[in-house]
Amino acid sequence: MKKISFYITILFIASSCTKSLTDLNTDPKSPVSAPSTALFLGAQKNLVDLYNTTSVSSAPFRVFAQIWTENTYVTESRYILDGVTAGFWNNIYTTSINNFEQAKTAFPNDVTDPSVLRNDKIISDILEVYSYNLLVNTYGNVPYSQAQNRTIPFPKYDDAKTIVYDLITRLDSSIAGLNTSANSLGNSDQIYKGNVTKWKKFAATLKLKLALLIADVDASKASAKALEAVNAGVLQSNSDNATFTFDASAVINSNLIWQNLVNSGRHDFVPSAFFVSTLVGLNDPRLPLLVTKDPNGGYSGGIAGAGNAYGIFSDFSAQWLSPTYPADLLDYSETEFLLAEAVERGIAVGGTAESHYNNAVTASILFWGGTAASAATYLAQPSVAYTTATGTWKQKIGYQKWLAFANRNWDSWTEIRRLGYPNLDVVSPPVGTTNKLPLRYPYPAAEQSSNPINWKAASTALPGGLDVQTAKLFWIQ
Amino acid sequence: MLLAVLLLSVLSVFSQQKVVTGKVSDVNGKPVESATIQIKGSKIATTSDSQGIFKLSVKAGNILIISSVNAAPVEVKIVNQTELSVVLEIAAAQLNEVLVTTALGIKRSRSSLPYSTQQITAEELNRTPTTNVVNNLSGKVAGLQVTASTTLGGSSNVILRGFKSLTQSNQALFVVDGVPYDNTNQSRNGFDLGNTASDINPDDVESVNVLKGAAASALYGSRASNGVIVITTKKGAKRKALGITINSGTTLGTFDKSTLPEYQLEYGEGYGSAGYSSSFPTHDGFFYWVPVFNSNGARVNVVQTNQDADTGPAYDASLSVYNWDAFSPGNKNYGKATPWLPAAHHSYTDFAEKPITTTNSIFVDGGSEKGTFKLGYTNTYDKGILPNSYVKKNLINFASTYNVTDRLSVGSSINYINENSLNRNGYTYSVSSNSRNFRQWWGTNIDLNELKDDYFRTKTNASWNWNTAAYLTNTGGNLSKGAYHDNPYWQQYENYNNDSRDRIFGNVNLNYKITSYLNFTARTSLDYYSSLFEYRYAVGSVSTPSYRKVLSSFKENNYDFLLNFDKNLNKNFNLKALLGSNIRQTRTTSTDAVTNGGLIVPRYYALANSAKTPAAPVETDAAKEVDGIFGGATLAYKDYLTVDATIRRDKSSTLPSNNNTYYYPAASAGFIFSKLIPQTSWLNIGKIRANYAEVGGDAPVYSLQNTFTAGTAFNSQALFTASTTNNNPQLRSEKTKSYEIGLEAAFLHNRIGFDVTYYTAKTIDQITPITPSTATGYNSFYVNGGTVQNSGVELSINAVPVKIKNFTWNLTLNWSKNVSKVISLYGGQPSYAITSWQKGQLVAETGSSWGILRGTDYTYKNGKPIVNANGYYVFNSNTKSDIGNINPDWIGGITNSFKYKNWSLSFLIDVKQGGSVYSLDLDYGSYSGLYPWTAGKNDLGNSVRKTIANGGGLILPGVHADGTANTTRIDASDINAGGFSFSSADGFSQPLKHFVYDASYIKLRELAIAYSLPQHVINRLPVIKGIDLSLTGRNLWIIHKNLPYADPEQGQASGNASIGFQNAPYPSIRAYAFNVKLKF
């Protein structure tokens, strides 16, 4: 019996060799914390990539806007969005906003100077507002108050208009809170390299943009907020542009346009015929800066909705396809277009609509590498000059903004939806479809399966009560 | 055994006697081990060894009584024979004293087991040769669903009693000689590298016992919740001379034609009117009308080579066109226009090669009173169907035992496996799958022989899929690459992958008999392998060239201590008890490095050849430990009532420290009621059994704390992002609760017997990475929640319909039905997406099953699809409609074996009834105009691909909303401009539902003819003790299926996401094998 107890003892000694079971469960290859500024850069780069991507399963907005169109697989050109609308939503929430939130949480661990800490948090919040602007004006009502919560897997959706008003309020406090005499993120901020003054201008311009978004539904608030924004100081020149220059040393850090159109070896897109012919028709100096000549020595583009062969049309310009060509999140040209619009809406932002329009067009031509002289010549043409160009102020600004937004992807689609020009359903309907330009993205199919109760409520809240791409967002006239 | 040796040595003293040598075998010619050979009227006896061989000293006139368990004794009178061959008729329904290997390697008599197990002998398992022992289980065990893939050395699913876990592994646990054997799927980067249970040497297997329910397997801990496949390997036998067995087999394969695609041959490559523009107007049909490099500016008809669909121009011998080969320098058609006709060699089988497998093995065993050993070596060479592909394996098995004293014995076992492969088969929707060409994106104007010649002549990526720009710029030798696809030969010879694995699996054990009834065992075991995987994407390929290298390793250590008690308490009661502990430590690591931005020097594959600075390798390192103690007791009353109870406690490193301990209780009872009723001639045995068990489960490693991931530094600035998995520090163990009842009986002198089992297993509190709204910032949340129930019936029948002199017919039937039900999901969610693919999903749906297919569907009127005024189907507004269920209604197998003298014939019919599969091939291949139904005549007798104006178009079968039949023709003339009308892809005319097929099949899985040379012939040969010849066939005939052009069994590698979705499978192979086995 003594022996037996000896073996039993061995058994229990052996089974209790559990000194550090819990320690074993710490992943040696994935840290549980990360530097706050590195998280900020991760969030910023993800936001830029999302804004700049050519992926039709995420952001086919250039295709909607007929700046580009597709060659062989023409579904998005025909506004067929089955399975397309998840990527944009997923990426903004998970790779962009989530990491801005993580950075905000981590800043106090790394940043000791209270002014710098405050600036860092505010800059993160400005870009978070920018991210929500993309979301709410793509889908309509989206999760906001319950979003980004580790304990709420199935968040409710908030009213789109309420969200936009809250975004404006957040920008108010950001503009007031930034301390321009203190430092901020330095080179972890690859847009302004930590220049707080420029972030303040960025926030004001974004506020101006949101103010005009609500101008048709709430003119008085729009006017007040636009004036506040202009008084705070908006972007003043191309040197204030929120551009993000890529790093060509690694493929994944290169311009996504280069990654997807050059590096991939694929030929999925060509400049659209409508875009190229508009530039040709206006003798636009940006034409050779944006696209190449076709093999016939002229300029031509692919028909939206039709199958197009690569190699027989104009292609994208070398600078546009360069691995380092910068993404552009918000720029001076857009600011001047907004100011022109503000004047037309009777908001006392100063200047004339024409002067702002001229500044805007000139800034865009310079941005793409044109000269001031070529811009002046261009603006002197009756088809371009503000006083003589065709149509209402919405049409004049709409067309020129569309051309200026050649590389502004989401904004090119959004401004067509907002201003109504160019009215693609009339002037260039894609062939092979009766679909109209999508007014919104249907919610990701995954929301239907993973957040069904709240998805259903959000769908019901849409005009018409159905989650469809033809439902109007609150600011669409 | 010991007794036999002792007796032999004692008996040899009596010199006046002569020694008779004999062999005891059953009616199937299989050696009978441990048969008793007794001299009638004396106490002199011996037993046969594992080869059925015995020796005994006898005198003329002695009568030998040869007997064995479950067989009627046979008497043989000794006259002057020195060699005997004795056949015992072992009853078919062996319920009584058959020993089966249960949990932890404990052998118990089958009749005493209170739970369901099913044992297969090596002979039954290995009737047909295989390189993966797992695949040979198909159809042989009730309740076991094996799904083998057709990829070279590819993966197999092994599912017992249905899918229980929403997200974690549902694969059965493999245990070899008491030690868990890792069976992780090694697939990576879209290549199917198979599961590691394929490292088990089929020639080394003695028997397989399948523990189906939790009561049988609870002692193995959490991994046993999916059932256990217990494999017992061969042991060395005590014998005077070494036993040597040499086995050599060759398997030749041919393609099962019913699993090959067929093409329409009316239209060639092109994408409708794609490519027309004002500057290049149309000419003839869907050709480009452009000047090419040698046409001096003149426009010519050029095939749309940059497209990969078969929706181009109608074939017409009178048209002379520039086909792809006109742009391939050195090709006989270079720079020439040729008649527009289908190519001579455009079929899958013009590319694929017939496979060959060779297997050679040698086994040596021996032993004495002091111990035994075995040593085996097996070499297999498996040449795949894709050019330039193979899997080579070397397996060495060694095991020995040594009796230190009467009480103390030690043993060890070591297995070394070395595997080397070239060009594993791609299985995902990517360029890595050449099969995708032949099933989805292809043109019949492409000649594979020319592609082969072009590749071997120039060693360049001579493409059938030239980019359009090639027409304008190619001036001889200045080749441009393909638009989407590489030359398939370039893919095989330049973009090749290879992998290798070295594995050691072994243990050292010690056994000490403390008393006659108490036994102590200690064992330490190791399962370790390291692998290398390399993949090349050569300079000149469609996408960015790259080189990838992945090093990975797996290690599992088990330390087991076991105390066994076995004593008859009194004349009626026997108590067996055990107490044990197990420490299991696992560690999985990998380092995955890839070049960045291209390769500098062509055909130089090293990370240093990266065009840009490569990102840091991705490293993983997952360590885990589970410490368990367990105990159990089995009380038997007389020989008919058994009560069994076990309990195990585990403590896992993957759960929070305050909540990391959990228990698995199990209780069972078995009652042989036939022993209580008077013996009848028709009922030989009858038994009922019932049990209840709970099995706990822990969390995946590192699922408690949130982590961050480093990205490639951007402009020298550090960049990190948060993981998109929201881990959960509050996780607790999950549980599977199950019960089972069973009835076994044998009738008519054991000529017929059955075993029927009903079970229910409910998995609750599942640790699941649920899919939240991504508005949370995360793609998954770890939670406890969700209940899945599987219940079902298993039936196996053994029968001997005919047994006459020299001829026996045995029949075995296995049948099972499992019903999966998702009772609830976390947070009351209606469904959980197991996986998503092109526009479809596989989900677990509350109130329905695990494994529902979802996607677009028709709307219906009286069961018929509704069309709109334009003649197109009206889709259900719910784009995630239920369109299928992957779970079969039932599965079954019937084995018939016939034995006539030394000949035997057996065949296995394997059946799966029901279950759905979505075919991406038929969907995309219809869209791309590849399949026959996309061409041909319409109801007017005109080609469907003519325009409506010219009498073309087709009427989709369906009705209008008011129930009237559809009569409106839709246009099918142009894949884009007209709305090509065959596919759901991208919102065209058919919903996903159209491409969901019934995956039922009936297969002639195995057919074997074997012949053993008669003993009297063998006896005349020197040295040789036996020669067995066999001619066998595997997967010879798919007797019935509903899925065109492919084997409905095929999935995507293995795992939860592998079933119900078919993308570019390889054709099924009819394998014919010839095998010779020599015994010395």
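This is a friendly dialogue about reading a predicted model, starting with chain B and moving on to helices, sheets and single residues.

Student: Where should I start with chain B, and how many helices and strands are there?

Tutor: Remember that we are reading a predicted model. Chain B has 11 helices and 62 strands. Along the principal axes, its C-alpha atoms fill a box of roughly 110 × 70 × 70 Å.

Student: What radius of gyration does chain B have, and what would a compact globule have?

Tutor: The idea is to set the chain's value beside that of a globule with 1080 residues. Such a compact globule would be near 31 Å, and chain B has 33 Å, so the two agree. Of the 1080 residues, 60% count as buried. Among contacts with a separation of 6 or more in chain B, 68% are between residues 24 or more positions apart.

Student: Now a helix. How do I read the length of α5 in chain A?

Tutor: Compare its reach with the span expected at 1.5 Å a residue. Helix α5 covers residues 114–139, which is 26 residues, and from first C-alpha to last it reaches 37 Å, close to the expected 38 Å.

Student: Is α5(A) mostly covered or mostly uncovered?

Tutor: Mostly covered, since a residue is called buried when its relative accessible area is under 20%, and 22 of the 26 residues of α5(A) are buried. Now try helix α16 of chain A, residues 409–419. There, 11 of the 11 residues are buried, so the helix is largely enclosed by the rest of the structure. Its buried residues include A:W410, A:W413, A:R417 and A:R418. Just after α16(A), A:G420 has a positive phi of about 85 degrees.

Student: Which other strand is joined to β17(B)?

Tutor: Strand β62 of chain B, residues 1069–1079, is also antiparallel to β17(B) and is joined to it by 11 bridges. Here B:T245 has B:K1079 as its bridge partner.

Student: What is the order of strands in the open sheet of 4 strands in chain B?

Tutor: The order is β47-β48-β49-β52, with antiparallel pairing. At the edges are β47 (831–837) and β52 (881–885), each pairing on one side only. On average, neighbouring strands are turned by 35 degrees against each other, direction ignored. Within this sheet, β48 (residues 840–845) and β49 (residues 850–855) share 4 bridges, and B:A844 stands opposite B:W850.

Student: Can we finish with single residues? Is A:S188 buried or exposed?

Tutor: A:S188 has 7% relative accessibility, so it counts as buried. It sits in the loop between α6 (160–177) and α7 (196–213) of chain A. Beyond its neighbours within four places in sequence, A:S188 contacts A:T37, A:F40, A:L41, A:Q44 and B:Q717.

Student: And what is around A:S249?

Tutor: A:S249 lies in the loop between β4 (243–244) and α9 (256–263) of chain A. Its relative accessibility is 37%, so A:S249 counts as partly exposed. Leaving aside neighbours within four places, A:S249 touches B:N596, B:K612 and B:T613. A 2.8 Å polar contact joins its side chain to that of A:D247.

Note on methods: Residues are numbered from 1 along each chain as its sequence is written. Chains are lettered from A and ligands numbered from 1 in the order in which they are written. This is a predicted model: local features need pLDDT of at least 70, side-chain atom pairs count only at pLDDT 80 or more; totals for chains, interfaces and linings use all residues. Side-chain values use heavy atoms; hydrogens and water are left out. Helices (H or I, at least four residues) and strands (E, at least two) are DSSP runs, numbered from the N terminus. Buried means under 20% relative accessible area, exposed over 50%, partly exposed in between (1.4 Å probe, protein chains only). Contact means heavy atoms within 4.5 Å. Two strands pair if DSSP finds at least two bridges between them. The expected span of a helix is 1.5 Å times one less than its number of residues. Axes are lines fitted to C-alpha atoms, for helices over the stretch in contact, and angles run from 0 to 180 degrees between N-to-C directions. The radius of gyration is taken over C-alpha atoms; the globule rule is 2.2 Å times the number of residues to the power 0.38. A polar contact is a pair of N or O atoms within 3.5 Å; within protein, one must be able to donate a hydrogen and the other to accept it, and residues adjacent in sequence count only if both atoms are side-chain atoms.
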